[in-house]
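Subject: Structure handover

Dear colleague,

Please find the structure below, with the sequence. My notes on it follow.

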Amino acid sequence: SNPVPARETVDVDFVCAPPHTLDVSVGERELGDECGSVRAPVGTSSVASSYTLQANQDVRLAVRVLAENGAVFDNATSLAVTWAATPASAALDAGNGVAMLSVGEQATSLELRVAVSGYAPEVLSAARTRTLGAVARSRWSSRARLEHVLELEVRKAPVVDPPAVVLFSAADNKDSVVVRHGSGHVSFSLAETSGAEPVAITPLGHGVPGVSLVPLAIGTTTLVASDTCLVGGAPLAIPVTVADLASVELKLPSMVHYGSEVEAMITVYAPGHKAFPAPQLAFMEVRLVIDDEAVVTAVTLSPSDLSRYKIHGRELGTARLTATVTTASGVQLSSGAHHISVFPPLRLEPASIELVCGASAQVLVLGGPSAHVEHVHKIRDSGVAQVANPMTGEVVGLDVGTTVLTVAATGYETAAQASMVYASATVPVTVRKLAGVRIAVPNAVVLAGSRIALAVE
């Protein structure tokens, strides 16, 4: 905007000095001092450093040459730079002063050696005066060599557990978030919110990269986890919700075998149908109500998990189960009532089947569930026998051998939205060749005019 450019004298110092230290920058961002990547001298002209890289990425490596006073050479690219990787199969695309390292998906260890030994030949040949060429040869290129050793540890990308947090707004409640994989050096922070902070965070300690979360107020926020020592890592965002209870849901099969057990599951939801994690139920007043404990009983699968129960069938009959939970304001919420029937054991008659080739026998299904089920017949070896009529249970012998017939009582469970096998039973099947026919006579003497029954064996 000034039509008359100002003139100012600037002094520029041109410093010519021999290279003293070779440095290599890894990645695009600076890492923390706690990362163990501080350069350490090895001998008089060699430096070593270590870095942790995230798997499955390309990492940029750039060479910097330093003078003894720490000044960075502006013309470092005019030096002869060599790269060597261990193992040699490492995907390294090396230029003179910059290289790209392609890191695979597997966790591994790599070592890179970068060396500078004088000016590049093309630089020496381009020297315009005899003096510059003589100085380059005599003071640096003829005897000096700098080396930098990079120890690289490749690790899987960090993941958070759990990926989202839903907390019940109870005073004594808490939960935790842990970061797995990565370098193990993680910093946590909460995103800014317009109102009061919904949670407070404190480090877990004992070297565990994680934080404990305590609910303060109903609301939502974002927990940000940053791996400060991982080259190529990006911050992880964990949504955090603090809420009261909105509804409760109970899921369980509609039938249970007498003397057996099935599993029931209770899920409690926050507004927006966000499910509370199972450990959160320990901070709620959750109950599983059974109207007839003579028919079924319930126990938790684990004392610390109030979301899963074992339902034991004690007596033939039907019971009604309901899940209830109390909100922070004292309101009791209930699930819908679920009926479960206890059915007798499933049996097959006869207990064993013996057939000749081409003959058939009928298998009767006794006991088991009485309604809303289908009996599925299955022969283990279909070359020995087959089920000719699944409706009647007719089995036909095909070839000599033994096999097993299995009958399963199956049905569709709406709660699980899947087919379920309620009970099954097996019977051995033997198929033999016909050796002969014999007529068995119960009595050799028969009264004239009377009749007797003859058996064919």
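In what order do the four strands of the open sheet stand, and with what pairing? The order is β1-β4-β7-β6, and the pairing is antiparallel.

Some ground rules before the rest. This is a predicted model, in which local features need pLDDT of at least 70 and side-chain atom pairs count only at pLDDT 80 or more, while totals for chains, interfaces and linings use all residues. Residues are numbered from 1 along each chain as its sequence is written, and side-chain values use heavy atoms, with hydrogens and water left out. The pLDDT is the predictor's confidence in each residue, from 0 to 100.

Overall picture

The protein has two helices and 39 strands; these are DSSP runs numbered from the N terminus, with helices being H or I of at least four residues and strands E of at least two. Of its 457 residues, 37% are buried (under 20% relative accessible area; exposed is over 50%, partly exposed in between; 1.4 Å probe, protein chains only). Among contacts (heavy atoms within 4.5 Å) between residues at least 6 apart in sequence, 62% join residues at least 24 apart.

The mean pLDDT is 85, and 88% of the residues reach 70 or more. Over residues 128-143 the pLDDT is below 50, and this stretch has 17 contacts in the model beyond near neighbours in sequence.

The open sheet

Back to the order β1-β4-β7-β6. β1 (21-26) and β6 (91-94) stand at the edges with a single partner strand each, so one side of each has no neighbour in the sheet. Two strands count as paired if DSSP finds at least two bridges between them. Neighbouring strands here are turned by 25 degrees against each other on average, direction ignored (axes are lines fitted to C-alpha atoms, for helices over the stretch in contact; angles run from 0 to 180 degrees between N-to-C directions). Inside the sheet, β4 (residues 57-66) pairs with β7 (residues 98-103) over six bridges in the antiparallel sense, and Ala-62 stands opposite Val-98 in β7.

A parallel pair

β30 (residues 353-356) pairs with β37 (residues 418-432) in the parallel sense over four bridges. The bridge partner of Leu-355 in β37 is Val-431.

The aromatic pair

A search of the whole structure gives one aromatic pair (ring centres of Phe, Tyr or the six-membered ring of Trp within 6.5 Å; planes under 30 degrees apart are stacked, over 60 edge-to-face, the rest tilted). Phe-168 and Phe-276 are edge-to-face, at 6.4 Å centre to centre and 90 degrees between the planes. Phe-168 is in β11 (residues 165-168) and Phe-276 in the loop between β22 (274-275) and β23 (285-290), 108 residues apart. Both are buried.

Two single residues

Thr-410 lies in β36 (residues 401-413) and counts as buried because its relative accessibility is 17%. Leaving aside neighbours within four places in sequence, its contacts include His-372, Glu-374 and Tyr-422.

Val-456, in β39 (residues 455-456), is exposed at 64% relative accessible area. Not counting residues up to four places away, Val-456 touches Val-437 and Arg-438. Val-437 is 19 residues from Val-456 in sequence and 6.9 Å away in space, C-alpha to C-alpha.

Regards
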